[in-house]
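This report considers charged side-chain pairs, strand pairing and pocket lining in one protein model. The sequence and structure are shown first.

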Amino acid sequence: MQKFLALLLILSPYLGFSEGIKLPVFTTRYEIAYGTEEDEDEGSLIPSYLRHTAFFRVKEEFSDKFSSSLQLRYSQKDYFSTGSDYSYIYLNPAVDLELTDKLGLDFGLFSKWTWFNDLDGSGLSKDLFSFGARVETGYKIKKGLKISSFLKGLFNIYDNPEKRRQDYSLGIGVTARMGEFLFGARYRGVARFPLGSASSKLQDFYNLGALSLTWDPNK
């Protein structure tokens, strides 16, 4: 602890701690979602599911260049007729750093516990525990031109070893403003692999490319 405090003291001029630490900001939210589906023969609406979600986040802004947050979410989804009821708990601590006037860095850890009320077709548990990390950077090349990238790793630990899987994602994007127009281009690639010798998952890859154009006459 003493070494950690000493490190913060050394970095305090760079991180802007001399500006004064603000009080943490707490956010809570509760949601209820009611889903319906349509009977194609009679044209009537049939209740499908009811979902409850509780959300909590605390964010501490140490300075204009350094902030951290902790997010906690609990959700429960109940189907009225067919469907697999489940609930989960999601935990996400994150850190946001402005390394320079042009370069920013976001880093976060996340974990998720998911429980199902029923079993799969083979009579085995569908419960799983997922955890991983994500790092994202943003760099302002010049005014109106920015490049960003992220790297994410995810491990899905199912109770059933045959379903265990590991995912790795890489993304990169560019945004450029030219007068009233904002151009955007991004790419995201995902590689999935089996996790453990008992896993029956196959290797597969997913690639996404997107272009966007926004016209904003107010600029």
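## Basis of the report

The structure is a predicted model.

## Salt bridges

Six salt bridges are present in the structure. In one of them Asp120 is paired with Lys163, with 3.5 Å between the closest N and O atoms. Asp120 belongs to the loop between β5 (103-116) and β6 (128-142), and Lys163 to the loop between β7 (145-158) and β8 (165-178), so this contact ties together parts that are 43 residues apart in sequence. Asp120 has a relative accessible area of 17% and is therefore buried, the cut-off for that class being under 20%. Lys163, with a relative accessible area of 23%, is partly exposed.

Another salt bridge joins the side chains of Asp167 and Arg165, at 3.0 Å from N to O. Here Asp167 is buried, its relative accessible area being 8%, while Arg165 is partly exposed at 25%.

Side chains of opposite charge can pair when their charged atoms come close.

## The β9 and β10 strands

A further salt bridge is formed by the side chains of Arg192 and Asp204, with an N to O distance of 2.8 Å. Arg192 is part of strand β9 (residues 181-194) and Asp204 part of strand β10 (residues 204-215), so the bridge ties together parts that are twelve residues apart in sequence. Asp204 is partly exposed, with a relative accessibility of 28%.

Phe183, for instance, has Leu213 in β10 as its bridge partner. How many of the twelve residues of β10 are buried? The number is zero, so β10 lies largely in the open.

## The largest pocket

The volume of the largest pocket is about 310 Å³. Its lining consists of 17 residues, and those nearest the centre of the pocket are Ser69, Asn92, Ala94, Val95 and Phe107. By class, this lining comprises five nonpolar, six polar and six charged residues.

Which strand supplies the largest share of the lining of this pocket? That share, five residues, comes from β4. At least two lining residues are supplied by each of β2 (45-61), β3 (66-79), β4 (86-98), β5 and β6.

Methods:
Residues numbered from 1 in each chain as written. Predicted model: local features only at pLDDT ≥ 70, side-chain atom pairs only at ≥ 80, totals over all residues. Heavy atoms only, no water. Salt bridge = Lys/Arg side-chain N within 4 Å of Asp/Glu carboxyl O. Helix = DSSP H or I, 4+ residues; strand = E, 2+ residues; numbered from the N terminus. Buried < 20%, exposed > 50% of the residue type's maximum accessible area, 1.4 Å probe, protein only. Pairing = 2+ DSSP bridges. 1 Å grid on protein atoms, 1.4 Å probe; cavity = no way out; pocket = protein on both sides within 12 Å on 5 of 7 lines; lining within 4 Å. Points joined across faces, edges and corners; volume = space filled by probe spheres on them. Nonpolar A, V, L, I, M, F, W, Y, C, P; charged D, E, K, R; others polar.
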